[in-house]
Amino acid sequence: MYKFSLLFLFATLFLSCAFFQTVEQEQAIARVGNEYLYLKDIEDRTKAATSEEDSILIVQNYITNWATQKLLTQLAKINLSEEKLQAYDALVDAYRTDLYTKGYADIIATKTLNTSIVEKEYESFYEQNKENFILNEELIQLRYINVGEENTSIDKIKQQLIRFNKNDQEELEAKAFQFKSYSLNDSLWVQVTTVMDKIPVHQNDKSQQLLKKSNYIELQDSLGVYLVQIKDVLLRNEIAPLSFIKPTIEAIILNKRKLEIIKNLEKDILQDALKTKNFETYN
């Protein structure tokens with residue numbers, strides 16, 4: 001609503017000049033030298049406006065910034081040496097070429113990229129590079145259950161969580177509806193900081209208890225009772241496990257494949273251009 005109100009305002013302001021202007025010039029809202037700013041250039045700028053005043057302020061600021069940039073550019077072209085201008089133009093051309101070529105190559109590579117990675121490829125890459133995957137934070141494997149303190153089965157739940165045989169696992173999953181939150185998948189490696197966000201170990205001065213392998217912790221706060229069984233621990237500066245670092249390895253492998261596709265694309269384009277005589281070199 002505010003955008004249309006603003007457009008109407010500018011249209012009214014320039015109506016008196018419309019008789020002498022082309023259709024495109026009718027919508028001009030600012031000018032610096034021979035360069036014009038048009039209504040169509042600012043239409044999307046006011047979408048985030050929450051009021052008509054806000055909309056007008058956004059446009060006024062945009063016009064001011066646009067004019068300032070144009071005026072500075074004019075002065076630069078007048079006052080900078082020809083050598084400087086040529087150097088800057090070369091940088092602009094190089095940047096434009098880089099954007100075009102990388103953008104096109106990336107589209108082609110993404111379309112043809114094989115994203116399937118077999119487990120052996122993960123394992124091979126990990127074994128060859130594991131010394132590069134050093135942990136900068138502690139990881140733990142655990143299972144935990146948060147229940148209300150009024151739950152009459154806490155002792156049995158605790159026993160099952162610690163013992164955790166097949167029957168215990170099935171029974172705990174069956175009565176998971178009683179839990180406020182829980183996690184029984186102790187094969188996952190989790191950052192200790194993530195666990196601390198879920199379990200109130202700080203206020204109970206038991207954060208170090210999380211770093212003790214095969215340790216059992218029981219905590220309580222206003223939300224209930226937390227039953228925590230630590231399965232395993234990896235400390236800072238140890239080698240990260242494959243399961244934890246897998247997403248990183250996937251990104252590295254796919255990026256290497258992508259770069260190889262781009263390399264072959266560049267080679268094929270050059271060869272095709274030579275064959276069709278679209279590219280030639282002269283002695």
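Lys277 sits in the segment after α8 (242-275); helices here are DSSP runs of H or I with at least four residues, strands are E runs of at least two, and both are numbered from the N terminus. Its phi is near 60°, a positive value in a residue other than glycine. Lys277 is exposed, with a relative accessible area of 61% (exposed means over 50%, buried under 20%, partly exposed in between, using a 1.4 Å probe and protein chains only).

A quick note on the numbers: this is a predicted model, where local features need pLDDT of at least 70, side-chain atom pairs count only at pLDDT 80 or more, and totals for chains, interfaces and linings use all residues. Residues are numbered from 1 along each chain as its sequence is written, and side-chain values use heavy atoms, with hydrogens and water left out.

Phe164 also has a positive phi in a residue other than glycine, near 55°. This one is found in the loop between α5 (154-163) and α6 (166-174), and Phe164 is buried at 12% relative accessible area.

Now for the charges. A search of the whole structure turns up 15 salt bridges, a salt bridge being a side-chain nitrogen of Lys or Arg within 4 Å of a carboxyl oxygen of Asp or Glu. Here are some of them:

| Pair | N to O distance |
|---|---|
| Arg96 and Asp93 | 2.9 Å |
| Glu127 and Lys130 | 3.4 Å |
| Arg163 and Asp168 | 2.7 Å |

In the last pair, Arg163 is partly exposed at 46% relative accessibility, while Asp168 is buried at 3%. Elsewhere, salt bridges with shared partners tie Arg143, Asp186 and Lys231 into one network.

Arg96 and Asp93 both belong to helix α3 (residues 82-112), three residues apart, or about one turn of the helix. Both ends are partly exposed: Arg96 has a relative accessible area of 38%, and Asp93 comes in at 41%. Lys130, from the Glu127 pair, is partly exposed too, at 22%.

On the nonpolar side, Leu72, Leu75 and Ile78 make up a surface patch with about 320 Å² of accessible area together. Patches take residues with over 30% relative accessible area and no salt bridge, joining like charges within 9 Å and nonpolar side chains (Val, Leu, Ile, Met, Phe, Trp, Tyr) within 5 Å. The areas come from the Shrake-Rupley method with a 1.4 Å probe, and for residues only the protein chains shown count as cover. Leu72 itself lies in helix α2 (residues 52-79) and is partly exposed, at 49%.
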